[in-house]
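Colleague: Could you walk me through this one, one residue at a time to begin with? I am new to reading models.

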Amino acid sequence: MASPEIEALTQALARLPGLGPRSARRAVLHLLKKRDAALGPLREALTAVDERLENCSTCGNVDTTNPCAICADPRREQRSLCVVEEVADLWALDRSRLFPGRFHVLGGRLSALEGIRPEDLSIDSLVRRIETGGIDEVVLAMNATLEGQTTAHYIAERIERFPVRVTQLAHGLPVGGELDYLDEGTLAQALRARRPMA
């Protein structure tokens, strides 16, 4: 039996996505074995992020600066905006290095069953960003789920009065799939084959 502190650490790690109780125990054993090389740096990194973590006031990304590194990057294309459901989707698309523009995180997707309405998402701030001008294309990179597509159509209707080209990722994405779990090749193909919203 482990001490209550070690058990609490194991349970905390087991709550992370992708880690179950067995994986969490293995991670804890590794941290304890490599205390100087692994446990100390992990503690310092977690403390630093905890103290400085912020939501970007421009796009909704999470970072240790506001605006985030993506919004503050002058090399990013200003005229293209990619709208995603969650920060994980932004990170997945940014990892592909195929979208040179900026992002906007909705913070979820419309869902009648879960009671998520348009006012629960950052759709109004998206409309304000488009309204200020300077954006030529809005890429709706919603997950290929019923809720994701409903959200994409709702946004397309909200922004149809603006002189922007509205596109969405190609439907080569698997139905029911989530961007964060796709490989870079699939994401690359979906970005290259984006098309106008119907």
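Colleague: Is Ser 80 buried or exposed, and why?

Modeller: Ser 80 counts as buried because its relative accessibility is 7%, where buried means under 20% relative accessible area, exposed over 50% and partly exposed in between, using a 1.4 Å probe and protein chains only. Please keep in mind that this is a predicted model, in which local features need pLDDT of at least 70 and side-chain atom pairs count only at pLDDT 80 or more, while totals for chains, interfaces and linings use all residues. Residues are numbered from 1 along each chain as its sequence is written, and side-chain values use heavy atoms, with hydrogens and water left out.

Colleague: OK, and what does Ser 80 touch, leaving aside its neighbours within four places in sequence?

Modeller: Ser 80 is then in contact with Phe 99, Gly 101, Arg 102 and Glu 137, contact meaning heavy atoms within 4.5 Å. The side chain of Ser 80 also makes a polar contact of 2.5 Å with that of Glu 77; such a contact is a pair of N or O atoms within 3.5 Å, and within protein one must be able to donate a hydrogen and the other to accept it, with residues adjacent in sequence counting only if both atoms are side-chain atoms.

Colleague: Which strand does Ser 80 lie in?

Modeller: Ser 80 lies in strand E3, which covers residues 80-84 and pairs with E4 in the parallel sense over 4 bridges. Strands (E, at least two residues) and helices (H or I, at least four) are DSSP runs numbered from the N terminus, and two strands pair if DSSP finds at least two bridges between them. Within this pair, Val 84 stands opposite Val 105 in E4.

Colleague: Which faces of E4 are covered?

Modeller: Both faces of E4, residues 102-105, are covered, with Arg 102 and His 104 buried on one side and Phe 103 and Val 105 buried on the other.

Colleague: New topic: is Tyr 181 buried or exposed?

Modeller: Tyr 181 is exposed, because its relative accessible area is 66%, and it lies in the loop between strand E6 (165-168) and helix H8 (184-192). Tyr 181 and Asp 89 are 92 residues apart in sequence, while their C-alpha atoms are 9.1 Å apart in space.

Colleague: And the whole protein, how many helices and strands?

Modeller: The protein has 8 helices and 7 strands, and 39% of its 198 residues count as buried. Its C-alpha atoms fill a box of roughly 65 × 35 × 35 Å, taken along the principal axes.
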